[in-house]
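The following briefing concerns a single protein chain and is arranged by topic.

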Amino acid sequence: MNIALWVVQILLGAAFLGAGVMKSTKSKEDLAPKMPWVNDFSLGTLRLIGVTELLAGIGLILPWATGIAPILTPLAASGLVVIMVLAAVVHARRKEYPGIVANVVLGALALFVALGRF
C-alpha cells in the first residue's frame, strides 16, 4: 500500500506542480487556447489557483518524504480534493464534460492519498 501511495503522490505532485507553475506564471492569453475557462476568472484568481496547486503539489511529496510535519501531506491531498470538486463545478457550468472526467480522476487519486496517509 505504501508503494501505491508513493506512486500516486509522485504522479499527482508532478501534475499539480506543472499546472501550478503554468497558471501562476503565464498570461491569460497564453492559457486561454488550452484552458478556455480562464476567461471567466480574474488574473488574481488564476494566480491564486496556480499558487494553491503548486503548494499542494509540494505538500503531497515533501512533508512525507522528509518526515517533517507529515500531517501536511494528507492535508494537501484533502485540499486538492476540494479544488477538484470546485473545478468540476466550473466545467459543468461551462458544459466542458471532458474536464469533469479529468477532475474526477484527479480528485479520486487525491482522496486515495488523503485517506491512505491520514
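Predicted model: local features only at pLDDT ≥ 70, side-chain atom pairs only at ≥ 80, totals over all residues.

Leaving aside neighbours within four places in sequence, Ser24 is in contact with Arg47, Gly50 and Val51. Ser24 belongs to helix H1, and its relative accessible area of 18% falls under the 20% limit, so the residue counts as buried.

**Ser24 and its surroundings**

- The side chain of Ser24 reaches the backbone oxygen of Gly20 at 2.7 Å.
- Between Ser24 and Val82 the C-alpha to C-alpha distance is 19 Å, with a separation of 58 residues in sequence.

**Glu53, a buried acidic residue**

- Glu53 is placed in helix H3.
- With a relative accessible area of 3%, Glu53 is buried, because the limit for that class is under 20%.
- Not counting residues up to four places away in sequence, Glu53 touches Phe16, Ala19, Gly20, Lys23, Ile83 and Met84.
- Glu53 is also one of the residues nearest the centre of the largest pocket.

**Nonpolar cores**

- The largest nonpolar core holds 13 residues, and those touching the most other members are Leu12, Phe16, Leu60, Ala77, Leu80, Ala110 and Val113.
- Two or more residues of this core come from each of helix H1 (2-25), H3, H4 and H5.
- H4 makes the greatest contribution to this core, giving 5 residues.
- A second core of 6 residues is separate and includes Met35, Trp37, Val38 and Leu46.
- Apart from residues up to four places away in sequence, Leu80 touches Phe16, Ala56, Leu60 and Ala110.

**The largest pocket**

- About 630 Å³ of space lies in the largest pocket.
- Its lining comprises 24 residues, with Lys23, Trp37, Ile49, Glu53 and Ala87 nearest the centre.
- H1, H3, H4 and H5 are the elements that give two or more residues to the lining of this pocket.
- The largest share of that lining, 6 residues, comes from H4.

**Annotated spans**

- An unreviewed UniProt entry lists residues 6-25, 46-65, 71-90 and 97-115 under "transmembrane region".
- In the model, residues 6-25 are 100% helix and 0% strand, and the end C-alpha atoms of that span are 28 Å apart.
- Residues 71-90 are 95% helix and 0% strand, with end C-alpha atoms 29 Å apart.

**Loop residues with positive phi**

- Most residues other than glycine have a negative phi.
- Ala69, which is not a glycine, has a positive phi of about 50 degrees.
- Ala69 lies in the loop between helix H3 (43-66) and helix H4 (72-93).
- The relative accessible area of Ala69 is 36%, so this residue is classed as partly exposed.
- Lys95 likewise has a positive phi, near 60 degrees, and is a residue other than glycine.
- Lys95 is found in the loop between H4 and helix H5 (97-117).
- Lys95 counts as exposed because its relative accessibility, 59%, is over the 50% limit.

Conventions
Residues numbered from 1 in each chain as written. Heavy atoms only, no water. Helix = DSSP H or I, 4+ residues; strand = E, 2+ residues; numbered from the N terminus. Buried < 20%, exposed > 50% of the residue type's maximum accessible area, 1.4 Å probe, protein only. Core = buried A, V, L, I, M, F, W, Y, C linked by side-chain atoms within 4.5 Å. Contact = heavy atoms within 4.5 Å. Polar contact = N/O pair within 3.5 Å; in protein donor to acceptor, adjacent residues only side chain to side chain. UniProt positions renumbered as here; feature names shortened; annotations may be inferred. 1 Å grid on protein atoms, 1.4 Å probe; cavity = no way out; pocket = protein on both sides within 12 Å on 5 of 7 lines; lining within 4 Å. Points joined across faces, edges and corners; volume = space filled by probe spheres on them.
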